[in-house]
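Here is a short tour to read alongside the model on your screen. Keep the sequence open as you go.

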Amino acid sequence: MSLDGAAERRDETPAGSGSGNGMGAAVEPVAAPVPLSVVRASYGDRRLRLNPNKAHKPDMYDDVQSEFDPSIFCSLERHLPPSMLEAPRDAKFAFMREILSRYLPEGDRARVQRHKEYRQSIMSAYQPLHKELYNITSSSFFVPSFIEAIKDNTEESFRKIISEPSSGVHSFAMLQPSFCELLISEIHNFEKWVTAVKFKTMRPNTMNKYGTVLDDFGFEAMLNKLMEEFICPMSKVFFPEVGGSTLDSHHGYIVEYGKDKDLKLDYHVDDSEVTLNVCLGKQFTGGELFFRGVRCDQHVNSETQPEEIIEYSHVPGQAVLHHGRHRHGARPTISGYRINLIIWCRSSAFREMKKYQKDFSNWCGHCQREKRVRQRQCLDATKSAFLRTGGSTS
Ligand SMILES: O=C(O)CCC(=O)C(=O)O
Ligand SMILES: [Fe+2]
């Protein structure tokens with residue numbers, strides 16, 4: 001969405017970008033499906049169970065090629081009708097895939113498939129430089145105060161490490177300097193490889209000319225764990241009203257600013273429920289974040305109140321956790337080079353619920369103000385009615 005001042009940012013669509021990258025990497029074919037007539041004939045009861053069979057140990061689907069994530073098949077298997085639980089894996093896979101397909105329109109399915117192929121073509125050719133970055137090791141990734149707070153997992157422990165927790169923009173020390181250095185070096189290695197093999201990569205979203213999607217070259221599982229085990233505990237406490245406790249997907253990328261890179265980032269809202277933004281380095285001046293209040297879709301361009309003006313200066317290793325709909329931008333990086341890790345975290349449950357809601361006064365600053373005005377008018381009307389009738393209730 002691009003209204004007056006604030007532009008909503010979407011991931012660059014994978015459509016069309018899988019081709020023309022000069023890589024020529026082979027894309028594995030989608031697994032040959034088992035004809036549904038076979039599945040139908042053998043298993044009469046075809047209704048999924050509402051409650052999962054927790055005692056059942058599902059098969060693994062990591063080696064199966066499809067447009068859906070293998071973990072979906074694992075989870076869904078526990079909901080299969082009892083007669084199917086011990087069926088051959090291929091039969092279960094075909095059955096579940098047919099059900100899932102009904103919920104993914106043809107266009108989306110083709111887009112997902114192309115993106116999957118794009119990722120595979122990168123990952124089958126790119127050699128990571130620092131393999132240890134692709135799996136979380138708390139002690140080498142995070143500073144002790146952050147590890148401690150997550151371990152305690154209480155509102156109090158989080159508030160202890162956060163500065164200005166009342167503003168809705170929560171900042172805290174998170175990453176070890178050595179981790180930041182290694183990640184920067186991995187990213188530069190990837191960029192060097194991209195240039196050398198003339199691969200055409202997708203940018204993180206429509207507003208960056210530079211920047212790299214980490215999920216596209218092997219970091220997806222690590223960032224997912226980061227979201228589930230290290231972001232979710234905090235967002236559950238600080239952003240429960242926008243699905244902070246049900247984050248279930250993410251978009252993880254790197255932004256780079258400086259000479260010959262992007263200089264600034266325009267005013268926008270993220271395509272996320274909760275965003276984690278961590279500065280990795282290096283040395284720079286400028287590049288401050290400015291925030292201008294949280295807004296729902298309908299009020300994304302409404303005026304800013306003075307108390308909503310927040311400025312934040314990036315410090316390497318320091319994270320900012322904010323509401324995705326908190327309007328913000330980044331000021332020009334005046335000198336040096338700034339590189340940040342961004343994770344847009346999303347909640348499918350919240351997005352579904354949002355479709356049926358009109359009032360977002362539990363988080364949108366403008367809805368809140370409108371509600372207060374309505375309440376005041378109502379109170380005034382009651383008061384004047386009371387005065388008119390002299391307090392008589394008959
Ligand atoms: O440059 C920054 O720190 C902000 C990046 C940002 O807001 C975004 O990528 O959505
Ligand atoms: Fe943003």
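Which residues in α2 meet which residues in α3? Ile-72, Phe-73, Leu-76 and Glu-77 in α2 meet Lys-92, Phe-93, Met-96 and Leu-100 in α3, where contact means that C-beta atoms, placed from the backbone, lie within 7 Å.

Before going further, a word on the ground rules. This is a predicted model, in which local features need pLDDT of at least 70, side-chain atom pairs count only at pLDDT 80 or more, and totals for chains, interfaces and linings use all residues. Residues are numbered from 1 along each chain as its sequence is written, while chains are lettered from A and ligands numbered from 1 in the order in which they are written.

**The helix pair**

Two packed helices are described by the angle between their axes and the distance between the axes. Helix α2 covers residues 70-77 and helix α3 residues 89-101; their axes come within 10 Å and cross at roughly 100°. That makes α2 roughly perpendicular to α3, a label for angles of 65 to 115 degrees. The axes are lines fitted to C-alpha atoms over the stretch in contact, and angles run from 0 to 180 degrees between N-to-C directions. By class, this contact has six nonpolar, no polar and two charged residues.

**The whole protein**

Helices (DSSP H or I runs of at least four residues) and strands (E runs of at least two) are numbered from the N terminus. The protein has 11 helices and 12 strands. Of its 394 residues, 33% are buried, meaning that 20 or more other C-beta atoms lie within 10 Å of their own. An automatic or database assignment sets the domain bounds, and the C-alpha centres of domain 1 and domain 2 lie 33 Å apart.

| Domain | Residues |
|---|---|
| domain 1 | residues 24-116 |
| domain 2 | residues 128-354 |

**Around ligand 1**

The shell around ligand 1 consists of Val-255, Leu-265, Asp-270, Asn-277, Leu-289, His-328, Ala-330, Asn-340 and Ile-342, each with its C-beta atom within 6 Å of the ligand. Strands β11 (326-330) and β12 (333-346) each supply at least two residues of this shell. By class, the shell has five nonpolar, three polar and one charged residues.

**A buried loop residue**

Leu-175 sits in the loop between β2 (169-173) and α8 (177-197). Leu-175 counts as buried because it has 21 C-beta neighbours inside 10 Å. Not counting residues up to four places away in sequence, Leu-175 touches Phe-141, Phe-142, Cys-180, Val-278 and Gly-317.

Key
A residue is buried if 20 or more other C-beta atoms lie within 10 Å of its own, exposed if 12 or fewer, and partly exposed in between; C-beta atoms are placed from the backbone. Ala, Val, Leu, Ile, Met, Phe, Trp, Tyr, Cys and Pro count as nonpolar, Asp, Glu, Lys and Arg as charged, and the others, Gly among them, as polar. Angles under 35 degrees count as roughly parallel, over 145 as roughly antiparallel, 65 to 115 as roughly perpendicular and the rest as oblique. Two residues are in contact if their C-beta atoms, placed from the backbone, lie within 7 Å.
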